[in-house]
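Please find below a colleague's note on the model under review.

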Amino acid sequence: MTGRYTERVVVVTGAARGIGLGIASRFAGEGADVLMVDADGSVVDRARDLAAESGTGTLGLRADVTSPEDVARAFALAEDTWGRLDVLVNNAGVITISRLEDLTHDAWQKVLSVNTTGTFLCAQAAAAAMRRHGRGGRILNAASGQARQGFVYTPHYAASKFGGVGLTQSLAKELAKDRITVNAYAPGIVGSDMWDYNDRVWGGLLGTYEPGELMAEWIAGIPLGRAGTHDDIAHLLLFLASPEAEYITGQTINVDGGMFMN
Ligand code: NAD
């Protein structure tokens, strides 16, 4: 098939489900060959389905973004298969929610390790490949409303996402001379397994909410009056990865219906 991203190679992490699967679907739908990476091995089946639907060479790989060996394997597979790399979407992320006194060192490390260190490792490998090919490239990092303002009971998640903004700005400055732009996208509330967990655990800590009630209350406060969709996020990324966005770098862009305006 031919589309806006035909003959472009895109790596999406955390692509087995949720927003990452939505992003991979839209890039493949526009003709890109997508390497879908996830710590969950079901990504291989999701990629097979998507390759069949889109007629692209889309592939899935079970790999953990916190492992330098797994990350090296993922980017070697993309380069060996397609001989180029155009876009990296650093989407993989995790959250846990707990009171400060219950927040374990392991939970702190895990969230920082996936959300911030994983983003660094993948960006480093992607930038090396993009530089080798000399065609520039796009690195897109998942931030969050929590990259704008920390919420209660998630200091580690907020730290990891604020950290991602700093990483985005620093890499944008370093990689500009190679025509590699680096931007971040900040979803607000998007339906996913992560949000089901947030609704249940924040709901339990913040009051006596029935399932779905806390999310409904927060969505009611969104100026544009609804939760975000996977496509809302993917549309921004298709733009940021396009030639029309070549003059945008170092930015964190909210895609949240107006939940945050800073
Ligand atoms: P999700 O939990 O539904 O999916 C996350 C995916 O990342 C899963 O497939 C999981 O297996 C994968 N993953 C986790 N750890 C990994 C690792 N070490 N290596 C590789 N893959 C790993 O989450 P989602 O809601 O789709 O969120 C996607 C991104 O968007 C995350 O970075 C999240 O922080 C961010 N975000 C989501 C929302 C929202 O409303 N859902 C809001 C703000 C930010």
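1. The model is predicted. The protein chain is divided into two parts, domain 1 (9-188 + 231-255) and domain 2 (191-227). Their C-alpha centres are separated by 25 Å. To the contact between them, domain 1 contributes 17 residues and domain 2 contributes 13 residues.

2. Largest pocket, size and centre. The space in the largest pocket amounts to about 890 Å³. Its lining comprises 43 residues, and those closest to the centre are Asn91, Ala92, Gly93, Val94 and Met194. Divided by class, the lining holds 23 nonpolar, 13 polar and 7 charged residues.

3. Largest pocket, origin of the lining. Both domains take part: domain 1 and domain 2 each give at least three residues to the lining of the largest pocket. Among the elements that each supply at least two residues are helix 1 (18-29), strand 2 (33-38) and helix 5 (155-175). Helix 4, strand 6 (180-187) and helix 6 (193-206) also belong to that group. Which helix provides the largest share of this lining? Helix 6 does, with 6 residues.

4. Second largest pocket. Here the volume is about 430 Å³. Arg135, Gly137, Arg138, Ala241 and Pro243 lie nearest the centre of this pocket, out of 20 lining residues. Strand 5 (137-142) and strand 6 are the elements that contribute two or more residues to the lining. The class division of the second largest pocket is 6 nonpolar, 5 polar and 9 charged residues.

5. How many cavities of 30 Å³ or more does a search of the whole structure find? The search finds 1, and the volume of the largest cavity is about 40 Å³. Its lining consists of Val11, Thr13, Val37, Ala63, Asp64, Val65, Asp70, Val71, Ala74, Phe75 and Cys122. By class, the cavity lining has 8 nonpolar, 1 polar and 2 charged residues.

6. Ala125 and its contacts. Ala125 is part of helix 4 (residues 105-133). Setting aside residues up to four places away in sequence, Ala125 touches Val71 and Phe75. Val71 and Phe75 are also among the residues that line the largest cavity. A further relation concerns Ala76: this residue and Ala125 are 49 residues apart in sequence, while their C-alpha atoms are 9.1 Å apart in space.

7. Helix 6. This helix has 14 residues, and its first and last C-alpha atoms are 20 Å apart, close to the 20 Å expected at 1.5 Å a residue. Its buried residues are Trp195, Asn198, Asp199, Val201, Trp202 and Gly203. These buried residues pack against helix 7 (213-220).

8. Asn198. Beyond its neighbours within four places in sequence, Asn198 is in contact with Ile95, Ile97, Gly203 and Leu214.

9. Positive phi angles. Most residues other than glycine have a negative phi. Tyr153, in the loop between strand 5 and helix 5, has a positive phi near 70°. Arg179, in the loop between helix 5 and strand 6, has a positive phi near 60°.

10. Exposure of those two residues. Tyr153 has a relative accessible area of 21% and is therefore partly exposed, whereas Arg179, at 52% relative accessibility, counts as exposed. The limits that apply are under 20% for buried and over 50% for exposed, with partly exposed in between.

Terms used
Residues numbered from 1 in each chain as written. Predicted model: local features only at pLDDT ≥ 70, side-chain atom pairs only at ≥ 80, totals over all residues. Heavy atoms only, no water. Helix = DSSP H or I, 4+ residues; strand = E, 2+ residues; numbered from the N terminus. Contact = heavy atoms within 4.5 Å. 1 Å grid on protein atoms, 1.4 Å probe; cavity = no way out; pocket = protein on both sides within 12 Å on 5 of 7 lines; lining within 4 Å. Points joined across faces, edges and corners; volume = space filled by probe spheres on them. Nonpolar A, V, L, I, M, F, W, Y, C, P; charged D, E, K, R; others polar. Domains from an automatic or database assignment. Expected span 1.5 Å × (residues − 1). Buried < 20%, exposed > 50% of the residue type's maximum accessible area, 1.4 Å probe, protein only.
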